[in-house]
Amino acid sequence: MSGYDLIVVGGGLVGLATAYYARKTGARVIVLDRGALAYEASSRATGFLSLRGETPEECPLALLAEQLWPGLDEELGYPTEWTQKGRLWTAFNDKELAGLKAVYKSFETTDIKFDFIDAKTCRELLPALSETVIGGIHTTRSGHANPQRASQAFAWAYADLGGETLEHIAVLSVIEASGKVLGVRTSKGDVLGGTVVLAAGANNVTLLKPFGVIFPTAPVRLESMVTTPLPPLFDYCLIGHGLSLRQTRRGNIHLNGGPHEWIDTALEAEPEKPNTPIVRNMA
């Protein structure tokens with residue numbers, strides 16, 4: 001397989017968005033994924049727009065994303081369930097409150113308005129909150145989307161433009177000769193093209209290592225859980241008790257959290273999906 005202007009390794013949200021915008025310019029594009037499209041982090045992430053202050057390098061990118069998200073449904077022609085109602089961090093004890101106060105200092109260095117609020121204001125914003133909440137941080141600027149819907153929207157819009165996709169094909173290495181990238185070697189043969197984009201998450205570490213490039217990422221695994229639909233409770237990106245939560249348009253509560261588990265990944269095999277007693281504790 002050859003003649004591609006762009007080969008995208010990894011069919012998650014980043015890879016699919018890259019492929020869509022490249023295909024929109026008329027480039028011949030192919031997306032390769034070792035499993036099904038958006039079946040790993042992009043189908044299980046909480047779906048928050050990460051407007052915050054602990055990582056200043058991330059803030060400009062998040063501000064740019066904030067401009068793009070409201071128009072994505074119209075751009076792609078498919079729903080992403082984007083909701084921009086703000087974000088609320090909550091503390092349940094003095095230790096958590098002290099942690100939020102330390103985080104708030106970094107938030108104040110951004111151009112985004114954050115407010116440190118008391119327990120009463122927290123519950124005015126979200127009446128369903130536990131009475132044990134003692135304070136929090138609030139911003140009106142953050143939002144969330146359905147990661148499965150958003151990934152699906154990019155995949156369908158890309159396909160509508162004639163973009164090519166190969167699922168269940170593992171990329172084993174990047175092909176290089178005389179200092180020029182020629183394509184990728186896969187479990188089903190070589191795919192050749194002018195430019196390669198690596199959007200393979202932690203597997204970028206392995207793919208870049210032969211070039212002496214250190215990709216500072218390590219794979220971790222944490223639990224994700226979705227409830228049956230419930231009555232409307234909140235529109236916020238909600239953080240509390242070590243969990244990230246949002247409510248979907250259908251009413252499901254989607255939450256991620258629990259202890260992070262460091263894992264190894266392989267280029268040819270999907271990581272094992274967790275399902276442990278931590279789920280019970282999350283609930």
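Close-up 1. Tyrosine 104 counts as buried at 16% relative accessibility (buried is under 20% relative accessible area, exposed over 50%, partly exposed in between, with a 1.4 Å probe and protein chains only). The model is predicted, so local features need pLDDT of at least 70 and side-chain atom pairs pLDDT 80 or more, while totals for chains, interfaces and linings use all residues. Residues are numbered from 1 along each chain as its sequence is written, and side-chain values use heavy atoms, leaving out hydrogens and water.

The model has nine aromatic pairs (rings of Phe, Tyr and Trp, the last by its six-membered ring, with centres within 6.5 Å; planes under 30 degrees apart are stacked, over 60 edge-to-face, the rest tilted). Tyrosine 104 and phenylalanine 116 form an edge-to-face pair, 5.5 Å centre to centre with 65 degrees between the planes. Phenylalanine 116 is partly exposed, at 29%.

**Close-up 2. Phenylalanine 107 and phenylalanine 114.** Their ring centres are 4.5 Å apart and their planes at 35 degrees, so the pair is tilted. Phenylalanine 107 is buried, with a relative accessible area of 0%, and phenylalanine 114 is buried at 6%.

Close-up 3. For cysteine 59, the nearest cysteine sulfur, that of cysteine 237, is 14 Å away. For cysteine 122, the nearest is also that of cysteine 237, at 15 Å. Cysteine 59 is buried, with a relative accessible area of 10%, and cysteine 122 is buried at 0%.

Methods:
A disulfide is a pair of cysteine sulfur atoms within 2.5 Å.
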